[in-house]
Amino acid sequence: MSEEIVKPKKTRKRGGLNLIDVMLTVLLILIIGAFLAYRFFVLGEATKDVYLEYSVEILDVGENMNSTRLLGQELYTEDNVKMGTVVGCSDVSTKKRSVIVEDRVVKDEEVYYITVTIGTKAVRMKDGSYRVDGMTLTTDSVLDLLSNEFALCGTCIRVSEVIK
C-alpha cells in the first residue's frame, strides 16, 4: 500500500511592505506637501475673503465712446484669469497729459478717458494687498483686460472693500 504523505501547505506571512504600499505612501506625502506649499507659500498668510470694487482709468478712448456698453461685462486677463464684472462706468472725460516731443519739449495734450469700476471676490493678504484668482491687485497696477467685446488697457487708481 502506498501511503501518500500529505504535507500541509505553508502560508507565507507578509511582514514587509511591498512596492504598491511604498508608492501609495509616497503619493500621499506628495499630495499633502503640495497642498501645504500652495497654502503657505503661494497664497501666503491670507486673512480674509472679501468683495472688492476697484477702478481702472482707461486713457485714449474715443470722444464719443458709449461706455454704458461695458456694464455687466466679465473681464479676464490674457491668461484667462477672471478679474471681475464691470459694475460702473464714467462718461468720457478729458484731462491734460504731458508728453515729450522729439526735440525734448514738454507739451500738454488733451486726452479722453473713462473710469471703469469692477467688482470681484478677492483674498486680503496680511501685507494689505489683494489677490484676485491668484493675481496680485494693487493701486497703480497696469491691467490689460479683455471681454467678449472689448480690450481695455489701464491703470488701477482705486481699490476698496465693499460689504455685500
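A: The side chains of E74 and K82 come together in a salt bridge, with 3.3 Å from N to O. Both partners fall in the intermediate class of accessibility: E74 is partly exposed because its relative accessible area is 37%, and K82 counts as partly exposed at 32%. The structure, which is a predicted model, holds 4 salt bridges.

Another of these pairs is formed by R124 and E161, whose side chains meet at 2.7 Å, N to O. Since R124 belongs to strand β5 and E161 to strand β9, the pair ties together parts that are 37 residues apart in sequence. R124 is partly exposed, with a relative accessible area of 23%, and E161 counts as partly exposed at 37%.

A further salt bridge joins K95 to E57, the closest N and O atoms being 2.8 Å apart. K95 lies in strand β4 and E57 in strand β1, so this pair ties together parts that are 38 residues apart in sequence.

Strand β4 (residues 93-100) runs antiparallel to strand β5 (residues 106-125), and 8 bridges join the two; I100 has V106 in β5 as its bridge partner. Together β4 and β5 form a hairpin with 5 residues between them, and R104 in the turn has a positive phi of about 60°.

The largest nonpolar core has 23 residues, among which Y54, I58, L70, V116, I118, L137 and L143 touch the most other members. Strands β1 (46-59), β5 and β9 (151-161) are among those that each supply at least two residues of this core, and β1 gives the largest share, 5 residues. Leaving aside neighbours within four places in sequence, V116 is in contact with residues including Y54, I58 and L70, and also with V86, G88 and C89.

Of the contacts with a separation of 6 or more, 64% are between residues 24 or more positions apart, and buried residues make up 27% of the 164 residues in the chain.

Key: Residues are numbered from 1 along each chain as its sequence is written. This is a predicted model: local features need pLDDT of at least 70, side-chain atom pairs count only at pLDDT 80 or more; totals for chains, interfaces and linings use all residues. Side-chain values use heavy atoms; hydrogens and water are left out. Buried means under 20% relative accessible area, exposed over 50%, partly exposed in between (1.4 Å probe, protein chains only). Contact means heavy atoms within 4.5 Å. Two strands pair if DSSP finds at least two bridges between them. Helices (H or I, at least four residues) and strands (E, at least two) are DSSP runs, numbered from the N terminus. A nonpolar core is a set of buried Ala, Val, Leu, Ile, Met, Phe, Trp, Tyr and Cys residues joined through side-chain atoms within 4.5 Å.
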